[in-house]
Amino acid sequence: MKEEIIIAGFGGQGVLSMGKILAYSGIMQDQEVAWMPSYGPEMRGGTANVTVILSDNKISSPILNKFDTAIILNQQSLDKFESAVKPGGLLIYDPNGITHHPTRTDITICTIDAAAECAELGNAKAYNMVVLGAFLKMKPIVKMENVIKGLKKSIPERHHHLIPMNEQAIQVGMNKVIKK
Amino acid sequence: MAEKILLKGNEAIALAAIHCGCDGYFGYPITPQSEVMETLMAEKPWETTGMVVLQAESETASINMVYGGAGTGKKVMTSSSSPGISLMCEGISYMAGAELPCLVVDVQRGGPGLGTIQPSQSDYFQATKGGGHGDYKIIVLAPAYGQEMYDFVDLAFELAFKYRMPAMILADGVIGQMMEKVEIKEQKPRWTAEEIIKNAPWAATGKTADRKRNIITSLDLDPVSQEKHNIHLQEKYRTVEENEVRYTEYRCDDAEHLIVAFGCMARIAETAIDRAREEGIKVGLLRPITLFPFPKKAIENRLPQLKSMMSVELNAGQMVEDLKLIANGKVPVHFFGRMGGVVASPDEIYEAIVKRFK
């Protein structure tokens, strides 16, 4: 198993932390992992993206041209990364605020209306976990028990009481992802 | 079983420093390595191992604090990024002259000048050819994985003390900022005062009646005796070249073409090599782990089977000069690189492989 993922959106949407939780879940499943953020001036108030690789084998390049999955949370990122999904790959996006929708026919395209689902949950901070749930439904590359272990490792102990809420948000994402 | 945790390369450096029994860290913040000091400050090792962590007023001050600590036989270190290392070069030269062990971590960014904050390898010359003045060398380790960022801290101190010379971990923004799985080792105790006297009998630990004064200096106004010191240093560097070369090879057994790359570029090249191999291009990778001492013999040994070599670096072609000396006209040495903080992608390297080797 080797899954190469790009997660891209605005700074503040939890792009980097979603990637970190996913990477930690991989470690809990005894996989090799890499988490490579874009860093620099472009992150301050602008777009944020992170490459996450989970693999059964040692990881060579953390810098990638093509991805198995793109998780896209804003228009700029969709414009930038739609073409970077490998043929047969997966593109998940939040349609909220998207005016130019993806047009490729050689990949699987899914939507998750994460903002609306968060509003229903009454917790805007669970946004990235809803999105993570949508991804894990489409590609169950890590077991739920390892995701929870990954969450525990990623979140400071003083916030561990929020883990059930995060788990619930992941479940919502799993239930509400729509394959187009 | 040892714990495996998700760490940025910079965080791995900080934790490794605590775990290997480092006595002191002195530094000044600069992107892309600020997490080294941030992590140390958060871990508060002064409450556990007694390790000192101090933010100095500048890089110049940091390296001179390291100089002072090293003179007393302590395991001391600093970290910075390219422009900060330039400021430290005077101190590194003095420590090389005074034969003091220390660890300097350089998480390189694009230059010259303040340059960019993105990854680069453009300090290869500075690290391996001096940087500061005078005929000196430092041990230079080039990690390519988060685990190596962690492991090389202990290794760098071991080598620095073994040979009484500064050691450097020459990383880059990719390895510093990327998070990977890192296996954590057991806490080593810091050396006691008795252990320092035993392990570093040259150190300024307070003169006792049974020995002469230990003097830490890089100054010798007598040219004849200074030359003697230079000869001694050069002999030491030859011993290091004899004993401490480290490298890895990837798909080299039947290779007709050899890529030489270090740090993050070695990993990116590996992916390109896998793709080129699918096309039937017989290309392999040699990754120097030690940039000084450089794996000259390992590359020389591969020459008879090679049609050409290519250096892949995030600079204008610095290591390529060392490869040309080794090739000595027997095979052509090509170069592919990006500069200024742009990281070469596997596709670009693949295209360079096809262009040069097919």
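The model is predicted: local features need pLDDT of at least 70, side-chain atom pairs count only at pLDDT 80 or more, and totals for chains, interfaces and linings use all residues. Residues are numbered from 1 along each chain as its sequence is written, and chains are lettered from A and ligands numbered from 1 in the order in which they are written.

**Helix pair in chain A**

- Helices α4 (residues 127–138) and α6 (residues 163–176) of chain A pack at about 50 degrees, their axes 6 Å apart.
- The α4(A)–α6(A) crossing is right-handed (the near helix is turned clockwise from the far one by less than a right angle).
- On α4(A), the contact (C-beta atoms, placed from the backbone, within 7 Å) includes A:M129, A:V130 and A:L132.
- On α6(A), the contact residues include A:N166, A:A169 and A:I170.
- By class, this contact of α4(A) with α6(A) has 10 nonpolar, 4 polar and 1 charged residues (Ala, Val, Leu, Ile, Met, Phe, Trp, Tyr, Cys and Pro are nonpolar; Asp, Glu, Lys and Arg charged; the others, Gly among them, polar).

**Build of chain B**

- Chain B holds 13 helices and 14 strands (DSSP runs: H or I, at least four residues; E, at least two).
- Its radius of gyration is 21 Å, close to the 21 Å that the globule rule gives for 358 residues, so chain B is as compact as a globular protein of that length (taken over C-alpha atoms; the rule is 2.2 Å times the number of residues to the power 0.38).
- The C-alpha atoms of chain B fill a box of roughly 70 × 50 × 40 Å along the principal axes.

**Burial and contacts in chain B**

- Of the 358 residues of chain B, 53% are buried (20 or more other C-beta atoms within 10 Å of their own).
- Among chain B contacts with a separation of 6 or more, 78% join residues 24 or more positions apart.

Methods
Axes are lines fitted to C-alpha atoms, for helices over the stretch in contact, and angles run from 0 to 180 degrees between N-to-C directions. Two residues are in contact if their C-beta atoms, placed from the backbone, lie within 7 Å. A residue is buried if 20 or more other C-beta atoms lie within 10 Å of its own, exposed if 12 or fewer, and partly exposed in between; C-beta atoms are placed from the backbone.
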